[in-house]
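Please look over the structure below before reading on. The paragraphs after it go through the fold and then the contact between chains.

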Amino acid sequence: MPASQPMIEARGVEKWYPNGFHALRGVDLSVSKGEVVVIMGPSGSGKSTFIRTFNALEEFQAGSISVDGIALSNDLRNIDAIRCETGMVFQQFNLFPHLTVLQNLCLAPVLVRKRRRAEVEGQAMGLLERVGIAEQAGKYPGQLSGGQQQRVAIARSLCMEPRILLFDEPTSALDPEMVGEVLEVMKALAADGMTMVVVTHEMGFAREVAHRVVLMSEGRIVEEAPPEIFFTNPQHERSRQFLAQIL
Amino acid sequence: MAANSLLASLRRELFASRGDALLSAGLLALIAAAAIGLLRWAFGQAQWVVIQANTTLFAVGRYPLDQQWRLWLLVALLALATGLSWGLLRANPRGDRSGVLWPANDRIAVAVLAFLTAWAPAALRLALPLQLRWWGITALLLALRWAAGRWGRRHPPQLLRWVPLIWPLLYLLGMVLISGGLGLIRVPPSEWGGLLLTVLMASFAILASFPLGVLMALGRRSELPLLRWGSVLYIEFIRGAPLITLLFLGQNILGFLLPGGLAPDRVWRAAWVLTFFCGAYVAEAVRAGLASVPGGQQEAARSLGLSVPQSLQHVVLPQALRIALPATVGQFISLLQDTTLLSLIGLLELLGTARTVMANPDFLGKNAEVYLTLAVLFWCCCAALGLGSRALERRLDPSHSPA
Ligand SMILES: Nc1ncnc2c1ncn2[C@@H]1O[C@H](COP(=O)(O)OP(=O)(O)OP(=O)(O)O)[C@@H](O)[C@H]1O
Ligand SMILES: [Mg+2]
C-alpha cells in the first residue's frame, strides 16, 4: 500500500468560469505518494476542470490546493515549480507538430531545467525505449499513429522527471485497437510507484490499477472508494446510476 | 516515347470533346496572334534605345558617378554571399530539416543565370568594360558556389548555422556602402534612384515590417488592455486608409512622430510609412496564423513548465508563422508593387525614373518600351519572392521530412 505522505491536497475547491458557471462546488481530495486515483463521472461533471486546477491550467476562486507541499497561489514562482513537478497527458495528445519526437521530449528539460542537450537526449531515448517507440525518435508526430502519439506524450511528460502525472481521458481519442498499448504504459508507470490522477472511463484499468476510484457529479465528489467496492457495491444512488450507464 | 505521351495527354486535356476542341483551338489562335504581334513589335518597331541609353538611370538614378564603385562592390559581395549560401545549401540539401530549397534542379538555375549574364548586358548595349564586370561577377558567384559545395560536403552541416548570419551583416554593410559614413563620402538619399531605390525601399520595409507585424499580432491577443487596444487601433487605422494618403500624411507628420534621426528626409519618411503600412497587414496575417494554432499547444507547453515567452518562441510562433507565411509573402509582394506610389510623392524610384525618361524630348512616345521593361522587372522580383516563399514553406513543413 502507498505511503500516506500527501502529494496532492485539495480542500473545498470552488471554481466559477468567467461566464458565471459554477463548475466546482467545494471539492476535497487528497492523493498520497505512489497512489493511483481514477476519477470518473458523467460528461460535464467537472473532472477536467478539477485536475487542471492541480497544475494551474485553470484558476480556482476559493479553497486551497497544495501539490508536493507547494501551495498553489497566484505567486508565479510557485506555479512554475508545481508545473515542473507535475506532468499532464491530454486527450488530444498535444504534441508539438513542428518538432520531431526526440525534440518534443527534449524541449522542456533543456529550456526549463537548463540541462545539457546531449544528456537529455540520452535520457529521452531511454524513455522512448520504455514506451516502445525508440525507432520513431526522428519522425514528426503527424507521421505516427494515435497510440504512438499518446505514448510519446507520456514520455514527454516523464522527461521532466515529474513526481505526479495527471491524465485527462488519455485513451478517449484513440481507436479501440490502440487503447491497450497506452494503458500498458500507464500500468507499468503505476507499478513503478508513480503518483497518478487519471480521468478515464476504462473500467479494466480502474479495477486493475487504481487504489481509489472517485465519482464526480455536478461539480462535487459524490463517492470515493477502492475499486473493488466502487464497482460492486457503491454506496450512493448517483454512483449506481452512473455505473448502470457505462456497464 | 515521352513526346508521344505528352501529345496524348495534351489531346486529352485540350481536345477531349468537340466543344472543348473548338474552344481550345480558338484560344490557341488568340494567344498565338497576341504573341506574334508582341514579338513583331518587340523586334521590329520597338526602339529599345530608350532603355539602352538610360541603363544607369534605371539602375541607380542620379547616384554620383565617381561613387558608383561602391555599388559595384556591393553587387560583388552579394554575388559572393549568394554563391556561398547556394553551394552550402546544395552540399547539405536537407540541413537539419528536410526538403529542398529552390531551385530543385539548380543546373537549370545556373543555365538561366549564365544566359542572363551573357545576354542582358549585351542587349542593353553596355560598354564592354561593364559587360566584362557582369561576367566577372557571375563567374565569382559560380566559382564560390562550386567551392562552397565541395567544402560543405566535407564539413558537417552544423556549419550551415552561422552562414545565414552573413546576410544581415551584408545588409548593414550595404547600407553603409550606399549611404556613406565610416570614412566614405555621404550620398544623401535624394540622390538614390531607380531600381536601387525601389529595392532599398522594399527590402527595408519588408525587414522592418515583419517584426513589427508579429509584435502587433501578439499585442492584439495580449491580456493587457492598453497593449491590446493600442494594437487594434493601429492596425485598423492603417488598414482603413489608402497607402497614398498615408504617404502624403507621412511626409507632413512623421517628422514630429519619430525621433529626428530616424526620418530626416522624404525618402526615409516614405520608407517608414511603407513599413507601418505593411506591418499592419502582416499583423493580420500573423493573427490568423496564431488563431489556427490549437489552444492545447500552449497548454501543453505551459504544463511542461515553459514560461509564456518560451512557449511563444518555441511552440506557438513557429507554427503560427509557418501558417502565416504565404499570406505574409503575399503582402510583401504587394508592398514591392506599391513602391511605385512613391513616384507620386516625387521620389525617383523605378516608375519615377521612367516618368522622367519619358518626359525627355529625346524619347517622346517610347512609353510602351519603358512600361514593358518595368513590368518585366517587377514581375521578376515578385516571382523571386514567390519562389523563395514556396521553398521556405516546403523546408518548414514537417510532413515533407525524411521518414
Ligand atoms: N471555458 C469554459 N467556460 C464556461 N464553462 C465551461 C468552460 N469549460 C468548461 N465549462 C463547463 O464546466 C463544466 C465542467 O466541464 P469539464 O470539462 O470539467 O467536464 P468533464 O467532466 O471533464 O466532462 P467530459 O467528460 O465531457 O470531458 C461543463 O458543464 C462545461 O460546460
Ligand atoms: Mg473532460
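Accessible areas here come from the Shrake-Rupley method with a 1.4 Å probe. By that method chain A has an accessible surface of about 10200 Å², and carbon and sulfur atoms hold 48% of this surface. The model is a predicted one.

Chain A is built from nine helices and ten strands. Its radius of gyration is 18 Å, close to the 18 Å that the globule rule gives for 247 residues, so chain A is as compact as a globular protein of that length. Along the principal axes, the C-alpha atoms of chain A fill a box of roughly 55 × 45 × 40 Å.

How much of chain A is buried? Of its 247 residues, 57% are buried, where buried means under 20% relative accessible area. Contacts within the chain can be sorted by separation along the sequence. Among the contacts in chain A with a separation of 6 or more, 66% are between residues 24 or more positions apart.

The last topic is the partner chain. Chain A brings 23 residues to the contact with chain B, and chain B brings 19 residues. Between them the two chains bury about 2000 Å², and 58% of that area is on carbon and sulfur atoms. Which residues of chain B lose the most area to chain A? They are B:Glu299, B:Ser303 and B:Leu304, which together make up 29% of what the chain B side buries.

Conventions
Residues numbered from 1 in each chain as written. Chains lettered and ligands numbered in written order. Predicted model: local features only at pLDDT ≥ 70, side-chain atom pairs only at ≥ 80, totals over all residues. Heavy atoms only, no water. Helix = DSSP H or I, 4+ residues; strand = E, 2+ residues; numbered from the N terminus. Rg over C-alpha atoms; globule rule 2.2 N^0.38 Å. Buried < 20%, exposed > 50% of the residue type's maximum accessible area, 1.4 Å probe, protein only. Contact = heavy atoms within 4.5 Å. Buried area = accessible area lost by both parts, 1.4 Å probe.
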